[in-house]
Amino acid sequence: MATEVKEELVLIAERHPPGDQWVLLVDPNHVYKSLTEVLEGYFEEVGGLSCDFRLSPMKGKLYAISTTVAEIKPIPPKKFNMYGDYWYV
């Protein structure tokens with residue numbers, strides 16, 4: 001069976017000017033002074049789960065990438081009768 005990996009972006013933090021200040025969406029009252037601090041704060045909030053991240057620097061947003069593996073069902077072959085007519089299954 002073939003599989004397909006689907007990625008979903010989950011917004012976890014936003015950058016607030018001036019400079020490189022970040023705010024986690026789970027804790028909006030705390031301002032982190034750098035990107036590495038906000039990543040460490042995210043790991044502390046969610047319990048140290050390992051995941052991938054995507055940074056959108058022009059929008060000032062940080063995303064966690066949630067992946068799921070979906071099974072691709074094969075398309076059944078068409079069946080024809082002896083006269084060449086398509087046979088619906």
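**Exercise 1.** Which residue forms a salt bridge with R54, and how far apart are the closest N and O atoms?

*Solution.* The model under study is predicted.

Step 1. The partner of R54 is E7, and the closest N and O atoms of this salt bridge are 3.5 Å apart. The cut-off for a salt bridge is a Lys or Arg side-chain nitrogen within 4 Å of a carboxyl oxygen of Asp or Glu.

Step 2. R54 belongs to strand 4 and E7 to strand 1 (residues 2–16), so the pair ties together parts that are 47 residues apart in sequence.

Step 3. R54 has a relative accessibility of 37% and counts as partly exposed. E7, at 51%, counts as exposed, because the exposed class begins over 50%.

**Exercise 2.** Determine how many salt bridges a search of the whole structure finds, and describe the one formed by K61.

*Solution.*

Step 1. The search of the whole structure returns two salt bridges.

Step 2. K61 forms a salt bridge with E14, with 2.9 Å between the closest N and O atoms. This pair links distant parts of the chain, as K61 is in strand 5 (residues 61–72) and E14 in strand 1, 47 residues apart.

Step 3. K61 has a relative accessible area of 22% and is partly exposed; E14, with 24%, is also partly exposed.

**Exercise 3.** Is S56 buried or exposed, and which residues does S56 touch beyond four places away in sequence?

*Solution.*

Step 1. S56 is located in strand 4 (residues 52–56).

Step 2. The relative accessible area of S56 is 17%, so this residue is buried, the cut-off being under 20%.

Step 3. Leaving aside residues up to four places away in sequence, S56 touches K61 and Y63. K61 is also the residue that forms a salt bridge with E14.

**Exercise 4.** Identify the residues of the negative surface patch and classify the accessibility of E44.

*Solution.*

Step 1. The negative surface patch consists of E37, E40, E44 and E45.

Step 2. E44 lies in helix 1, which spans residues 35–46.

Step 3. With a relative accessibility of 60%, E44 counts as exposed.

**Exercise 5.** What is the geometry of the peptide bond from P17 to P18, and where does P18 lie?

*Solution.*

Step 1. As a reference, most peptide bonds are trans.

Step 2. The bond from P17 to P18 is cis, with omega near 0 degrees.

Step 3. P18 is placed in the loop between strand 1 and strand 2 (21–24).

Notes:
Residues are numbered from 1 along each chain as its sequence is written. This is a predicted model: local features need pLDDT of at least 70, side-chain atom pairs count only at pLDDT 80 or more; totals for chains, interfaces and linings use all residues. Side-chain values use heavy atoms; hydrogens and water are left out. Patches are made of residues with over 30% relative accessible area and no salt bridge: like charges are joined within 9 Å, nonpolar side chains (Val, Leu, Ile, Met, Phe, Trp, Tyr) within 5 Å. Accessible areas come from the Shrake-Rupley method with a 1.4 Å probe; for residues, only the protein chains shown count as cover. Lys and Arg count as positive and Asp and Glu as negative; His and the chain ends are not counted. The place of a charge is taken as NZ of Lys, CZ of Arg, CG of Asp or CD of Glu. Helices (H or I, at least four residues) and strands (E, at least two) are DSSP runs, numbered from the N terminus. Buried means under 20% relative accessible area, exposed over 50%, partly exposed in between (1.4 Å probe, protein chains only). Contact means heavy atoms within 4.5 Å.
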